[in-house]
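Subject: Structure handover and findings

Hello,

Here is the structure I promised you. Please open it alongside this note. My findings follow below.

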Amino acid sequence: MKKIFFSIKKLLILYFILFFYFIQAQKNSDSISIESLQDVVTFGKKKSLEVIPHQQISKEELDKVNGLSVADAVRLFSGVQLKDYGGVGGIKTVNIRGMGSQHVGVFYDGVSLGNAQNGTVDLGKFSLDNMESISLYNGQKSEILQSAKDFATASSIYLKSKKPIFLENKKNNIGIQFRTGSFALINPSVLWEQKISPTLSSSLNLEYLNSNGKYKFRYRKNGLDTIAIRTNGNISAFRAEWNLNGIIKNGTWSLKNYYYDSDRQIPGAVIKNSYQRYQFEKQWDRNYFVQGTLEKDINPRYKVLIHAKYANDYTHYYDHTVLGDYVSKHFDNVYKQQEFYISLAQQYKLFDFWNIALATDYQFNHLTTNFYKNRNPKRNAEWVALSSNFNWNRLKFQTSVLGSFIQDQVADQSTEANSRNEFTPSFFASYKLLKNINFTFHAFYKQIFRMPTFNDLYYTEIGSSNLKPEYVSQYDIGLHISHKFSEGILTNISATVDGYYNEVKDKIVAFPRGQQFRWAMFNIGEVKIRGIEISTQSTWQLMEHMQMYTHINYTFESVQDVTGGLTGQSTYKNQIPYIPKNSGNLLVGSTFKTWDLSYSLVYTGSRYSSSENIKSNYLPEWITHDINFTKLIPMKNMNLKAGIEVSNLFNKQYEIVLNYPMPGRSYRISLRAEL
């Protein structure tokens, strides 16, 4: 506890110094006037201060994505590889630019979603129903008024929940949706938005999901060719999300409560003769967090952003496998996590073209288990980020220095606790090449430090206390062009090309040890990542009521283990596991009055399931095709929207992870009423 109080004390002293400095700065600033608040909704875009272009899927585009969760949408971003273990209930994580899931920060309404136990976020737990947009940033956001943790990841996914908009004299909006389809899917949800006052609104989103997870697949390996049914994939999950949004003078605030409760069986690896064994692998999750955000302009030059969060996660993992007359494995583990997090970010405008910011974060994590030797790890972490952005005519740049200070405690005296203090810089720049056309050159350099997770370090059957932290250097250069046309059928077009090079020292690699929940961890001494990303979007006005849109992404990526003698010559310069050299996706859609039809394609090139790139570890390429058709039916007091989705249209048999076959063709129908 002394270390906790010491960390808080350091943070409070730093806050006091910062506030004193900015209060003095305010005394010398220009006087301000406060205007009365009005109940006005405005639409439009602020002047772009973006240094590096990012990828985004809007609410309208999310409605056209085949899928139920955020994981189904992010697979359409360039540079993203989704790890999916099959079925509705399969765990879903992402890897961006070959860096690994732990280097992907996931932020929900500006606050980090964390997991100190294994460092990954299961994107299958987050629904698309109440999502306003999903954004992907490589490096970091161009905004400097953000928490220090925002600077601590190689790539970031930002989930933005829908904020209520009330038209005319309406005081509430109600949306009721029901989906059903393959795998005995039952998925009702309801969204209730309420206008409490001109400056206060709330939203409640409830969702239930149930599926037996059974689907046919074809197994063709080791001389065996058979059709089987994937079992142990059922899931029953309930999600509740309540948001409160408020407006204050020169600022906004929000409060979010989130609860997720699931009971799922986890399908194991499919191997030869596995049909003769009895396998029961199950996981129960109860996740709850409450978070608040306050953003306020103190005066025209000085603004603050405050985040606070408390999270409580419970996971119960059970695995009982019988092979013949013998129990081959038996686990019954309970994990309980608690997290407390607070962040203060402050931004000051030195000149109209130059801003500086300072963010300080504190986080406490505690993990307990029912293991015989419970190491009971606790982690105190502080992050301090000093950043600056500069916007002068055609030139924009952003710099930052992040300090990460981490202290661990463990109850087991035989295990050495880990502590680290690291400073990592970053530099981002862009230059507009042509005066009257949005054609820019951009580049960035960023260093990243990643501390191993609790599983990595303190649980002997999963990780190793000797595991080293990861150190990453990122380099990126690219071109971006966008243009809107006032005439012709092509209304707007944008394209981005990026080349990147990353160096990872002591890369931590995880792979399942025959189960989705239990992993083996090891360091690869050095990894070099080289890649090219190409992304294009366009919109076409074919006739008065008919519009077409396209999204095309392609990624080439070489992710090589260059450790040499440390890992053996058999893996030197080999592609690391599960990273394809070629991948891409396509989304094409058309709207005509109240009709909407979209088609998407996802391509993943060949990969290897191990660091040894040999024939027995080879995974072939695959392509899936999806279609989505919706019809809006306006009625007197409500709107009805009916839809049908077909996923994996041509029934492709494929695996994202070795021995975890994915579903073939599947269907979903939906009906949504908006009151």
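What percentage of the 675 residues of the protein chain count as buried? The figure is 53%. Buried means under 20% relative accessible area, exposed means over 50%, and partly exposed is in between (1.4 Å probe, protein chains only).

Before the details, some ground rules. This is a predicted model, in which local features need pLDDT of at least 70, side-chain atom pairs count only at pLDDT 80 or more, and totals for chains, interfaces and linings use all residues. Residues are numbered from 1 along each chain as its sequence is written, and side-chain values use heavy atoms, with hydrogens and water left out.

Overall picture

The protein chain has four helices and 36 strands. These are DSSP runs numbered from the N terminus: helices are H or I with at least four residues, strands are E with at least two. Among contacts in the protein chain with a separation of 6 or more, 64% link residues 24 or more positions apart. Contact means heavy atoms within 4.5 Å. The accessible surface of the protein chain is about 31200 Å². Carbon and sulfur atoms hold 58% of that surface. Areas come from the Shrake-Rupley method with a 1.4 Å probe; for residues, only the protein chains shown count as cover.

Strand 7 (residues 155-161) is largely enclosed by the rest of the structure, because six of its seven residues are buried. Strand 4 (residues 104-108) runs parallel to strand 7, with five bridges. Two strands pair if DSSP finds at least two bridges between them. F107 has Y158 as its bridge partner in strand 7. Strand 6 pairs with strand 7 in the antiparallel sense, over seven bridges. There, I134 stands opposite L159.

S127

S127 sits in the loop between strand 5 (111-113) and strand 6 (131-138). S127 counts as buried because its relative accessibility is 7%. Its side chain makes a polar contact of 3.1 Å with the side chain of E207. A polar atom of the S127 side chain also lies 3.0 Å from the backbone nitrogen of D129. A polar contact is a pair of N or O atoms within 3.5 Å; within protein, one must be able to donate a hydrogen and the other to accept it, and residues adjacent in sequence count only if both atoms are side-chain atoms. Beyond four places in sequence, S127 touches L68, S69, V70, E207 and R239.

Strands 18 and 19

Strand 18 (residues 354-369) is mostly covered, with 13 of its 16 residues buried. Strand 18 runs antiparallel to strand 19 (residues 378-392), and 13 bridges join them. F364 faces N380 in strand 19.

A429 belongs to strand 21 (residues 419-432). Is A429 buried or exposed? A429 is buried, at 17% relative accessible area. Its C-alpha atom is 4.0 Å from that of F397, 32 residues apart along the chain. Leaving out residues up to four places away, the contacts of A429 include V51, I52, K396 and F441.

F441 lies in strand 22 (residues 438-450). F441 is partly exposed, at 36%. F441 is one of the residues of a nonpolar surface patch, along with L395, Y431, L433, L434, I437, I477, L479 and I481. Together they have about 700 Å² of accessible area. Like charges are joined within 9 Å, and nonpolar side chains (Val, Leu, Ile, Met, Phe, Trp, Tyr) within 5 Å. Strand 23 (residues 470-484) supplies the largest share of the patch, three residues.

Best regards

Definitions and conventions:
Patch = residues over 30% accessible without salt bridge, like charges linked within 9 Å, V, L, I, M, F, W, Y side chains within 5 Å. Salt bridge = Lys/Arg side-chain N within 4 Å of Asp/Glu carboxyl O.
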